[in-house]
Amino acid sequence: MSESWVRVLDVEGMTRDLSLLEVVERAPDVVRLAGELPTQDAAMLRLLLAIVQRAIDPLSAAPGSIDEVPGAVTRLRGMWNEVVVPAVRAYLGKHRDRFDLFHPATPFFQVAGMRTAKGEVSELSKLIADMPAGRPYLTMRSARAAERIEPGEAARWLVTLQAYDPSGIKTGVVGHPRAKGGRVYPEGVGWTGQLGLVHLAGDTLAETLLLNLWAVLLDDDARGADLPPWERPPQKLEPSPNLLARPAGPVDAYTWQPRRVLLRGSAAGVTGVLVTYGDKFVVQERQDMTHREPMTLWRFSKPQTAKYHRDIQMTRKHQPGLALWRGIESVLPGLPGPTTTSRRGDAPPPPARSQIVEHAGRLALAGALRDGLVHYRAVGLEYGSNDSVVDDVVEDSLDLPAIILLPDQAELRQVAIDAVESAKKGVGALAELARGLARASGAGREETSGPGERAYEIGYSALDQPYREWLRRDLATAEDPLVAEANWHRQVRQVLVDLGEELVVGVPEKAWRGTGPSGPREDVGAVYHRFQRMLRAAVPRAYPSERTDVRTDESQEQTP
């Protein structure tokens, strides 16, 4: 597809639409992808990775083993124009027809000839992710503008749809094996929408592509089966053959086709779309995905394990409002992976290792990270109403000093994890202060949850930037990790004490009396004293004159 349709932000700060080949040619001068939504950029990144990897794999520049990956990344960094660009140019030329959005037989990411019994097509809200069904007030565009869109934009949304399309009832096109009464009933969201997607980011698009290449490296036989749809026979309405043996690897996963789609339009514009179900993806049936899909975090699922009668790992999706640093242990390499033998007692197996995290550790160990930092970027969707609508887009980033990923820096990693735990306990103390002050002001038990939740949000928000800066500044350069931990404890104490004092200032006068219409109740003094005790237990190194193995019983506590 030679048309300009991939939207990017270049180093001059200009947003431009480029063709697939132009994106690769100019990647060293492109800062990042710049589509309509972060999810669109994530879907487009996976598409570009599939193209680049398939173009390069036949060359001698590709690594032969996982240990060779960092060296291959480093070599290609200095040979982008000499190796990557010619390989991609030849590859796209070979498969040119399969990237034609309106090809009569093999339209890109679509199935030719789809139709309904009455010849209808759906409105573009079925294609455009910023127009959730039933929520027109959330749209970013006018209804008139949504009647026709440019082919380039339609192509971007098409790639996004194949990655993130919600579940729900789809159109029962003629010939679909599961169509009943003009409908096809739900089969779940797109594969990428099921991920807690994490990828590595560089200062240019070329760097980002290189850093995410070969996060999973297959043997030669498996590589030969790890194909994108444009290297497979054209898709039909029926499920693809050998589905349970796929995805064969990351390229197959990056370009998985959970929907059968056909756009209505031409080079003059796209006016409608047909969308129905395609290749179903149930991760419980594909547990080898822990070694084939690099861009996700994982979690052990006890309910799914009980249902399937074997250990089941599920993707760990991102939650709105939960910053990536609050689960920092999930993006640190070298933690135990899932057990494959019977477990003793009731202890569940640990979550599977994230392949992109392990890949980041290998790059760090080899010195292949140019600025000494691992730049993680997380993107996801929150679905609602039985996964049939999109409720929220989740995005976050985290910069980790490469030094804490090194195998001999277990103490640094543990301090980073413990710092999150101390923040959690400290914010919990602030939330209990908010609930206690509400009770002292006369609120009933049911009326204290709101103040507590707001305190959690305020506390974590206030500690968000300090933690990120502490990771990069204090922990990365610390000669003694315990000194860095003490610095963090002092920051947490100061931030939360300031917030606690603001809460106290805002209470009504009656909260200080300790009595109400129903008799005695907590007063501000008692509530604040408990907050002090809980905070001291959360960040003991912020109190150097006291024992660090703080007791929680009141007799051992002193007011600071």
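## Overall shape of the predicted model

Among contacts in the protein between residues at least 6 apart in sequence, 69% join residues at least 24 apart, where a contact means heavy atoms within 4.5 Å. The structure is a predicted model, in which local features need pLDDT of at least 70 and side-chain atom pairs count only at pLDDT 80 or more, while totals for chains, interfaces and linings use all residues. Residues are numbered from 1 along each chain as its sequence is written, and side-chain values use heavy atoms, with hydrogens and water left out.

The secondary structure comes to 14 helices and 14 strands; helices (H or I, at least four residues) and strands (E, at least two) are DSSP runs, numbered from the N terminus. Along the principal axes, the C-alpha atoms fill a box of roughly 80 × 55 × 55 Å. A compact globule of 560 residues would have a radius of gyration near 24 Å, and the 27 Å of the protein agrees with this; the radius is taken over C-alpha atoms, and the globule rule is 2.2 Å times the number of residues to the power 0.38. Buried residues make up 54% of the 560 residues, with buried meaning under 20% relative accessible area, exposed over 50%, and partly exposed in between (1.4 Å probe, protein chains only).

## A sheet of three strands

Strands of a sheet pair through backbone hydrogen bonds, either parallel or antiparallel. Here three strands form an open sheet in the order β6-β11-β12, with antiparallel pairing; two strands pair if DSSP finds at least two bridges between them. The edge strands, each pairing on one side only, are β6 (197-200) and β12 (389-401). Neighbouring strands of this sheet are turned by 20° against each other on average, direction ignored.

Strand β11 (residues 373-384) pairs with β6 over four bridges and with β12 over twelve bridges. V379 in β11 is the bridge partner of L197, and the bridge partner of V379 in β12 is E395; L200 stands opposite Y376 in β11. Nine of the twelve residues of β11 are buried, so this strand is largely enclosed by the rest of the structure.

## Helices that pack together

Helix α2 (residues 38-56) and helix α5 (residues 151-164) pack at an angle of about 90°, with their axes 9 Å apart. Axes are lines fitted to C-alpha atoms, for helices over the stretch in contact, and angles run from 0 to 180 degrees between N-to-C directions. The two helices α2 and α5 are therefore roughly perpendicular to each other, a term that covers angles of 65 to 115 degrees, whereas those under 35 count as roughly parallel, those over 145 as roughly antiparallel and the rest as oblique.

In this contact, residues of α2 including T39, Q40 and M44 meet residues of α5, among them R156, W157 and Y164. The residues of the contact of α2 with α5 divide into eight nonpolar, three polar and one charged (Ala, Val, Leu, Ile, Met, Phe, Trp, Tyr, Cys and Pro count as nonpolar, Asp, Glu, Lys and Arg as charged, and the others, Gly among them, as polar).

## Backbone details in the loops

W214, in the loop between α6 (205-212) and α7, has a phi near 55°, a positive value in a residue other than glycine. S385, in the loop between β11 and β12, also has a positive phi, of about 50°, although S385 is not a glycine. At 0% relative accessibility W214 counts as buried, while S385, at 54%, counts as exposed.

The peptide bond from R246 to P247 is cis, with omega near 0°, and P247 is found in the loop between α7 (220-225) and α8 (250-254).
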